[in-house]
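Dear colleague,

I am handing over the structure we spoke about, and it is placed directly below.

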There are 4 protein chains.
Amino acid sequence: MALKDKVHEEAVQINEIPWKAFPDALSKGGIRWKMLHASPEMGAWAAIFDCPAGSSFNPHQHVGPGEYLLTKGRMDVRGGKDAGGDSLTAPAYGYESANARHDQTYFPVDSEFYMTFLGPLVFIHADGSPLAVVTWDEAQRAYA
Amino acid sequence: MALKDKVHEEAVQINEIPWKAFPDALSKGGIRWKMLHASPEMGAWAAIFDCPAGSSFNPHQHVGPGEYLLTKGRMDVRGGKDAGGDSLTAPAYGYESANARHDQTYFPVDSEFYMTFLGPLVFIHADGSPLAVVTWDEAQRAYA
Amino acid sequence: MALKDKVHEEAVQINEIPWKAFPDALSKGGIRWKMLHASPEMGAWAAIFDCPAGSSFNPHQHVGPGEYLLTKGRMDVRGGKDAGGDSLTAPAYGYESANARHDQTYFPVDSEFYMTFLGPLVFIHADGSPLAVVTWDEAQRAYA
Amino acid sequence: MALKDKVHEEAVQINEIPWKAFPDALSKGGIRWKMLHASPEMGAWAAIFDCPAGSSFNPHQHVGPGEYLLTKGRMDVRGGKDAGGDSLTAPAYGYESANARHDQTYFPVDSEFYMTFLGPLVFIHADGSPLAVVTWDEAQRAYA
């Protein structure tokens with residue numbers, strides 16, 4: 001077996017890379033993002049999202065764990081506190097477990113969050129069937 | 001933060017649990033399986049598959065890495081050697097990387113393999129769009 | 001096999017949990033931290049660190065990948081840019097790969113960063129031999 | 001961000017690679033092994049072990065989950081059934097959770113097992129302090 005090399009470290013000055021529109025098919029209200037990292041071997045990825053007041057992500061399922069740091073604003077996940085989910089104000093941390101279903105992720109005020117994902121997001125139809133599987137690879141191509 | 005406990009160890013005598021039919025919608029030719037383990041936090045799972053001569057799995061994509069030990073028979077993955085994939089005879093090991101697309105996995109003789117999966121299998125239509133996402137949870141429910 | 005449950009989601013208002021001193025044996029200069037999450041199954045964990053000007057972490061090795069978001073200040077990793085490492089100014093993202101050795105991580109100004117870790121930190125002697133292995137479990141007990 | 005490539009698949013005919021002695025410092029009784037795979041990004045690895053009657057592994061701790069398939073013989077883990085651990089006869093599957101401490105892993109008869117590891121093995125002194133950290137990289141170099 002040929003010896004394998006350690007993976008390279010990476011460092012990104014976030015202000016030096018552009019905000020891009022997050023796909024309209026997967027979100028509403030003008031969400032922008034910066035893709036920060038892809039881990040092709042594990043199928044992991046990291047990004048930062050800029051979410052204007054009133055914006056939201058379309059229904060999706062996490063098929064691996066995801067962790068976020070809300071750095072600005074407010075985030076209603078899984079419908080928000082009134083619907084049994086969580087409502088958080090920056091600075092906040094959240095752990096979204098594997099197979100968490102997010103019917104609505106909503107930003108009532110201008111917000112920003114950083115998130116690491118293990119595995120893809122599966123955007124879903126109303127009946128839960130898969131619409132699109134967004135792995136690290138679809139993510140990097142969407143941002144490129 | 002409440003302290004969390006270590007996850008429990010598990011041990012399974014494989015002959016003491018039943019073979020069950022693997023879903024017809026996802027395979028052909030009478031494949032049977034035993035689900036051995038689910039890891040709800042990582043979204044990982046492990047199983048052993050009994051594959052009669054002539055059986056195959058339907059087209060699918062791994063969205064995280066998978067590793068297998070072929071303990072009996074022969075396995076043609078990614079179309080087999082003649083089509084640019086791999087053809088292996090037991091005992092053999094294989095690493096299927098995240099985002100590997102398996103249009104056909106075929107067993108020319110009676111075969112058996114054990115496999116660990118990080119993340120789901122996404123069974124796909126001919127155009128690559130998702131048909132069914134089989135996570136550790138769908139897997140455990142299909143075997144239960 | 002008994003069906004397993006999905007892991008619970010978690011949400012933490014960061015200002016509602018206390019800063020605690022990071023162990024003196026592993027750092028210099030008054031670093032404080034908040035442990036945000038432990039993943040006992042994967043062996044992963046997440047924390048936020050408050051690093052006064054002039055503080056540093058003692059030599060350690062990452063034995064799984066780690067990702068950070070520098071939210072304030074400046075961070076010199078792997079000796080900083082002048083020594084072949086990286087020097088970053090907030091806002092910045094970094095990926096520290098499995099087996100990355102950090103002989104010095106230094107904060108020239110008051111800084112803060114959030115980091116997710118897969119696997120433990122191994123603090124090391126000058127010859128590289130292990131001094132202490134800090135897994136998710138030692139981390140949660142140190143913060144408790 | 002430059003687009004990253006999918007990781008390559010791997011396939012190994014196990015009989016075509018050599019058995020090598022597992023380090024004496026970490027085991028007793030003539031254990032041999034074949035390293036099958038290293039995953040540098042995740043810090044994971046896979047190997048198969050040939051364990052003569054009476055052989056054993058020295059005390060160690062798993063710092064990430066490990067899964068094994070016992071293909072021949074018998075294995076007493078965590079002291080075996082009489083000491084509160086598990087005793088398994090092939091064919092058997094086992095899941096060793098993150099932070100599982102294995103003071104003794106013993107093979108009363110000629111045995112063989114395949115195992116996948118996420119993260120390193122930490123071989124430990126009697127007081128639990130670290131003696132050696134065996135990551136995917138030390139493993140590949142020991143086998144090379």
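Four bridges join β11(A) to strand β1 (residues 10–13) of chain C, and the two run antiparallel; strands here are DSSP runs of E of at least two residues, helices are runs of H or I of at least four, both numbered from the N terminus, and two strands pair if DSSP finds at least two bridges between them. Within this pairing, A:Tyr93 stands opposite C:Val12 in β1(C).

Please keep in mind that this is a predicted model, in which local features need pLDDT of at least 70 and side-chain atom pairs count only at pLDDT 80 or more, while totals for chains, interfaces and linings use all residues. Residues are numbered from 1 along each chain as its sequence is written, and chains are lettered from A and ligands numbered from 1 in the order in which they are written.

The contact between chains A and C takes 33 residues from each of them, where two residues are in contact if their C-beta atoms, placed from the backbone, lie within 7 Å. On the side of chain A that touches chain C, the elements that each supply at least two residues include β1 (10–13), β4 (32–39) and β14 (111–118), but the largest share, five residues, comes from β11(A). That side divides into 16 nonpolar, eleven polar and six charged residues, with Ala, Val, Leu, Ile, Met, Phe, Trp, Tyr, Cys and Pro counted as nonpolar, Asp, Glu, Lys and Arg as charged, and the others, Gly among them, as polar.

Between chains C and B, 17 residues of chain C are in contact with 17 residues of chain B. On the chain C side, α1(C) gives the most, with four residues, and the residues of that side divide into nine nonpolar, two polar and six charged.

In helix α1 (residues 136–143) of chain A, the buried residues are A:Trp136, A:Asp137 and A:Ala139, buried meaning that 20 or more other C-beta atoms, placed from the backbone, lie within 10 Å of a residue's own. Because they cover an arc of only 160 degrees around the axis, they lie on the same side of α1(A), the arc being that of the directions from the helix axis to the C-beta atoms. These buried residues pack against β4, β5 (44–51) and β16 (130–134) of chain A.

Finally, chain C can be laid on chain B with an RMSD of 0.0 Å by a turn of 180 degrees and a shift of 0.0 Å along the axis, which is the relation of a two-fold axis; copies are superposed by least squares on the C-alpha atoms of residues with pLDDT of at least 70 in both.

With best wishes

Conventions: A residue is buried if 20 or more other C-beta atoms lie within 10 Å of its own, exposed if 12 or fewer, and partly exposed in between; C-beta atoms are placed from the backbone.
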